[in-house]
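Please keep the sequence and the structure in view while reading.

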Amino acid sequence: QDQHAFVSFVAVGLWPWLAFQEGVLRGTQAVQANSGLVKKVAFSHELLVYSAVAATFAIHLAGFAVVLAVLALAGQDVVFLGILASLPVLAVLFLFTCALALLCGALQVFLRDLEQVLSPLMMVWFYATPVLYPLSLVPDRLGEVMQFNPLVHFVETIRALILSGTVHLEWAAVLTLAGTLAAFLAGRKVFRRLSPHFEDFL
């Protein structure tokens with residue numbers, strides 16, 4: 001039973017992380033990968049980033065739905081209303097992913113090595129997020145530092161909603177939402193500022 005509970009614990013935390021990680025990486029590559037289109041067609045370049053992130057989330061959320069169905073059929077505690085309640089949280093995670101993808105996607109045009117730096121950074125970020133372990137096992141001082149990691153709040157909230165159907169909304173949730181909106185606006189501003197110069201560097 002403990003092993004099955006651990007599988008549920010990891011699975012519910014892992015899929016949102018995978019959507020975020022791949023969304024950022026694919027969004028970062030979106031402009032450069034479509035350089036021919038950028039040079040020939042006049043359109044809003046940020047659409048390339050949004051479509052890359054949206055496609056990634058669609059694929060991973062479909063996989064997530066299958067995983068949740070398998071867990072439910074296996075007799076694991078999966079709260080249906082909690083799944084519905086987690087959708088707004090996933091929407092905010094999507095917005096945060098777009099924020100980073102916009103910033104990194106714009107910088108990738110000028111700094112071609114950025115993509116190679118992102119992969120190891122994502123690996124470090126993964127282990128700094130309680131996907132494979134409960135936050136309760138983290139020492140208090142380190143746990144306080146980890147609260148600055150927005151993925152902690154996304155993963156913990158989604159996991160609590162789906163596995164227990166409850167979540168304690170605290171100031172951290174409000175700050176995460178506000179930080180996500182600020183990050184998105186900042187990422188879009190940087191992207192739009194650099195976008196007119198893409199053709200010269202692609």
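Predicted model: local features only at pLDDT ≥ 70, side-chain atom pairs only at ≥ 80, totals over all residues.

## One residue and its contacts

When neighbours within four places in sequence are left aside, L90 is in contact with P16, F57, L61 and I158. L90 itself is found in helix α4, and its relative accessibility of 7% falls under the 20% limit, so L90 counts as buried.

L90 and L185 are 95 residues apart in sequence, while their C-alpha atoms are 18 Å apart in space.

## The largest nonpolar core

The largest nonpolar core has 46 residues, and the members that touch the most other members are F20, V31, V49 and F198. At least two residues of this core come from each of α1 (2–33), α3, α4, α5 (114–127), α7 and α8, and α4 gives the most, with twelve residues.

Which residues does V31 touch, if those up to four places away in sequence are not counted? V31 touches V38, L48 and V49, and also G105, V109, F191, F198 and L202.

## Two salt bridges

Side chains of opposite charge can pair when their charged atoms come close. A search of the whole structure finds two salt bridges. In one of them, the side chains of E46 and R192 meet with a distance of 2.7 Å from N to O. Because E46 lies in helix α3 (residues 46–73) and R192 lies in helix α8, this pair ties together parts that are 146 residues apart in sequence. E46 counts as buried at 5% relative accessibility, whereas R192 is partly exposed, with a relative accessible area of 48%.

A salt bridge is also formed by the side chains of E156 and R159, at 3.2 Å from N to O. Since E156 and R159 are three residues apart in helix α7, they are separated by about one helical turn. Here E156 is partly exposed, with a relative accessible area of 27%, while R159 counts as buried at 5% relative accessibility.

## The largest pocket

The largest pocket holds about 320 Å³ of space, and it is lined by 15 residues, of which E156, T157, V167, H168 and E170 lie nearest its centre. The elements that give two or more residues to this lining are α7 (150–164) and α8 (171–194), and α7 gives the most, with six residues. E156 therefore has a place in two parts of this report, as a residue of this lining and as a partner of R159 in a salt bridge.

How many residues of each class does the lining of the largest pocket have? Sorted by class, the lining has seven nonpolar, six polar and two charged residues.

## The second largest pocket

The volume of the second largest pocket is about 260 Å³. Its lining is made up of V89, V92, H153, F154, T157, L161, V167, L169, A173, V174, T176 and L177, and α4 (80–110), α7 and α8 each supply at least two of the lining residues. T157 and V167, which are listed in this lining, are also among the residues that lie nearest the centre of the largest pocket.

By class, the residues that line the second largest pocket divide into nine nonpolar and three polar, with no charged residue among them.

Technical notes. Residues numbered from 1 in each chain as written. Heavy atoms only, no water. 1 Å grid on protein atoms, 1.4 Å probe; cavity = no way out; pocket = protein on both sides within 12 Å on 5 of 7 lines; lining within 4 Å. Points joined across faces, edges and corners; volume = space filled by probe spheres on them. Helix = DSSP H or I, 4+ residues; strand = E, 2+ residues; numbered from the N terminus. Nonpolar A, V, L, I, M, F, W, Y, C, P; charged D, E, K, R; others polar. Salt bridge = Lys/Arg side-chain N within 4 Å of Asp/Glu carboxyl O. Buried < 20%, exposed > 50% of the residue type's maximum accessible area, 1.4 Å probe, protein only. Core = buried A, V, L, I, M, F, W, Y, C linked by side-chain atoms within 4.5 Å. Contact = heavy atoms within 4.5 Å.
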